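Hi everyone, thanks for coming. Let me put the structure up, and then we can walk through a few parts of it together.

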Amino acid sequence: MESQKAWFYEEYGPKEVLKYGDYMLSSPKPDQLLVQVRAAALNPIDSKRRQRPIFPSDLPAVPGCDMAGVVVAKGELVAQFNIGDEVYGNIQDFNAEGKLKQLGTLAQFVAVEERLVATKPINLSFEEAASLPLALQTAVEGFVTAGFKKGQTIFIVGGAGGCGSLAVQLAKHVYGASKVVATCSTPKVEFVKSLGADEVVDYLKTTYDEIKETYDFVYDTVGDSKRSYVVAKEGAPIVDITWPPSHPRAVYSSLTVSGEILEMLRPYFEAGKLKPAIDPAGPFSFMTGVVEAFRHLETGRARGKVVISSFP
Ligand SMILES: NC(=O)c1ccc[n+]([C@@H]2O[C@H](COP(=O)([O-])OP(=O)(O)OC[C@H]3O[C@@H](n4cnc5c(N)ncnc54)[C@H](OP(=O)(O)O)[C@@H]3O)[C@@H](O)[C@H]2O)c1
């Protein structure tokens, strides 16, 4: 079996369990593409899975859900993509046995089902495209879970993070919110405004109780629904994407892992209405910066997405 360079862990633990070295190179199954990874992005779930076995999967495991890259081989059932195509996606969906892939995206090559990827928007770099899939799928699911309608108002808790920075943009430019309000700390206020928020609440200066207005939808990306529920109108949906939601009125929302969602939003990226937000500390180098990238993510203070690039 051929090998490739990857980051992997053989035991659960802090970021120091990560090792860089040779890892097996998979051949694509009939419904899979083999993609040469050009950029990847980290999500909090990559840290959580590395810290403890929260989902069934085998070790050693390569972390990473999100990637953008180039198709270098394909299985015989693949119909939509060809060798040389530039694609992106979240490769981690549960298989028939309820397991996630051992081979995540912090590797030179990944095998991924055709249904999980989409054509990279023409105007986005690999780094920008890699920053999107998981957070975008999660943010879209939040609006679906809430049954959000054009013209409604939204209050987003955590407007500067991976999911929140996309939720602000989706609310404004895709779902037609009449008013978008989002929270963040003082240094990120201008960033969240630049995403299209009509108002930004600096949570270091203002508590939820001090906000007089109430909203049609509260989308909480930081697990603060035990407090943030007060800004929801009576009966309005409160979606909390952390498990378990901390207020009984809050509904948990997860994500649908699918290339279709990415394809549906491609025109918005290509028209410049939606824009990826890459954390300014990155992109981090694949060969030398992955542990530092995890350290940065695990501060909980990332602005937009933590991206890994310069794959060999
Ligand atoms: N349910 C699902 O399927 C699903 C999917 C994706 C993510 N998640 C979970 O959702 C959470 C967020 O994910 P993410 O990728 O968006 O994380 P992230 O990018 O790491 O979030 C970092 C951001 O959180 C903000 N933040 C932290 N505390 C805050 C507070 N009290 N109020 C407002 N903003 C605050 C920070 O802004 P400041 O520095 O300004 O505080 C920072 O910009 C994680 O727990 C993740 O595991 C769940």
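In what sense do strand S3 and S6 pair, and over how many bridges? Strand S3, residues 32-42, pairs with S6 in the antiparallel sense over 5 bridges; pairing here takes at least two DSSP bridges between two strands. Before I go on, this is a predicted model, where local features need pLDDT of at least 70, side-chain atom pairs count only at pLDDT 80 or more, and totals for chains, interfaces and linings use all residues. Residues are numbered from 1 along each chain as its sequence is written. Helices (H or I, at least four residues) and strands (E, at least two) are DSSP runs, numbered from the N terminus.

Back to S6: Ala-111 is the bridge partner of Leu-34. Buried means 20 or more other C-beta atoms within 10 Å of the residue's own, exposed means 12 or fewer, and partly exposed is in between, with C-beta atoms placed from the backbone. Phe-109, Ala-111 and Glu-113 point one way, Val-110 and Val-112 the other.

Now, over to Tyr-252, in strand S13, residues 250-252. Tyr-252 has 13 C-beta neighbours inside 10 Å, so it counts as partly exposed. Leaving aside neighbours within four places in sequence, Tyr-252 is in contact with Asp-240, Trp-243, Pro-244 and Pro-245, contact meaning backbone-placed C-beta atoms within 7 Å. And Asp-220, 32 residues away along the chain, has its C-alpha atom 9.7 Å from that of Tyr-252.

Notes:
Contact = placed C-beta atoms within 7 Å.
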